[in-house]
Amino acid sequence: MHRMLVRRTMCLLLIVTQLGCRSVYRFRCTSNPSEAGVVIAEQMVGETPCNVKIPKDSEWIQDSKIEFVFCLPDGREEPRVVNLHGLEPSNPLAEIVATPFWLVGTGLLFLGTDRDDDEDSHPSHFWYEGERDEDHDSNFVTGFAGIGILGIGAGLHYVLGGDPDSLSPYKVHVDFNEPAGD
C-alpha cells in the first residue's frame, strides 16, 4: 500500500511539473511614454510596461526573429525586431526540480556548520582530552550530506538544461520621444 502511494505521488509530481513548463522566450516591453500597445503578428499582447512570454515553437517567430510593434493611441507606431540567435528560452522545470535540493542542502550545510560555544565544547577539535567529540562528528556528517544534496540539485539543474539567466526577461524598449533614425 505504501509503495503504491509513493508511486502515485511521484507520477502526480512529474505530471504537475510538466504543466506550464514549456520553453519560452521572456520579454519585458517598455516604452516612453508608457501605456503603448504591444502587437505581435497583428495580435495585441499587452500594454507597456508588460511581460510577454512567447513559446520557442511559436508561429510568431520567423527566421529566428520576432517583431514587436509598439503603438500609441495617437497613431504613432515603432517596430522592434528581436533576433533570437544567442537568446536562450527558459524552461522553469530545471528550477522547479532543483530548488528543493538546494533548500534542503543549504539547510543541512548550515546545521552542519553550527557550532556550540559552550565552555566544555571545543568545536575546533575532533578530540578533546582523548575523547571523541560526537557532536562535531554529527555536524560533520550533516554538513557533508548538505554538500552532497546541493551537488545533486546542481546536477539535476544542469541535466535538465537549467539556465538562471534565461529566467530573466530580455528587454525591448521604444522611446517615442527620440528622433526617428537614432
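**Close-up 1. Pairing of strand S1 with strand S9.** In this predicted model, strand S1 (residues 24-32) pairs with S9 in the parallel sense over six bridges, where pairing requires that DSSP finds at least two bridges between two strands, and where strands are DSSP runs (E, at least two residues) numbered from the N terminus. Within this pairing, Thr30 stands opposite His173 in S9. Residues are numbered from 1 along each chain as its sequence is written, and side-chain values use heavy atoms, with hydrogens and water left out. Because the model is predicted, local features need pLDDT of at least 70 and side-chain atom pairs count only at pLDDT 80 or more, while totals for chains, interfaces and linings use all residues.

**Close-up 2. The open sheet S4-S1-S9.** Three strands make up this open sheet, in the order S4-S1-S9, and their pairing is mixed. Strand S4 (50-55) and strand S9 (170-175) are the edge strands, each of which pairs on one side only. From one strand to the next the twist averages 25 degrees, with axes taken as lines fitted to C-alpha atoms and angles running from 0 to 180 degrees between N-to-C directions.

**Close-up 3. The largest nonpolar core.** This core has 22 residues, and those with the most contacts inside it are Phe27, Cys29, Ile54, Ile66 and Phe68; a nonpolar core is a set of buried Ala, Val, Leu, Ile, Met, Phe, Trp, Tyr and Cys residues joined through side-chain atoms within 4.5 Å. The elements that contribute two or more residues to the core are S1, strand S2 (37-40), S4, strand S5 (65-71) and S9.

**Close-up 4. The surroundings of Phe27.** Phe27 is buried, with a relative accessible area of 1% (buried means under 20% relative accessible area, with a 1.4 Å probe and protein chains only). When neighbours within four places in sequence are left aside, the residues in contact with Phe27 include Cys50, Val52, Ile54, Ile66, Leu84 and Val172, contact meaning heavy atoms within 4.5 Å.

Close-up 5. The structure holds two aromatic pairs, for which ring centres (Phe, Tyr and the six-membered ring of Trp) must lie within 6.5 Å, planes under 30 degrees apart counting as stacked, over 60 as edge-to-face and the rest as tilted. The rings of Phe27 and Phe68 have centres 5.0 Å apart and planes at 70 degrees, so this pair is edge-to-face. Phe27 lies in strand S1 and Phe68 in strand S5, so the pair ties together parts that are 41 residues apart in sequence. The rings of Phe27 and Tyr170, with centres 6.2 Å apart and planes at 55 degrees, are therefore a tilted pair.

Key:
Helices (H or I, at least four residues) and strands (E, at least two) are DSSP runs, numbered from the N terminus. Buried means under 20% relative accessible area, exposed over 50%, partly exposed in between (1.4 Å probe, protein chains only).
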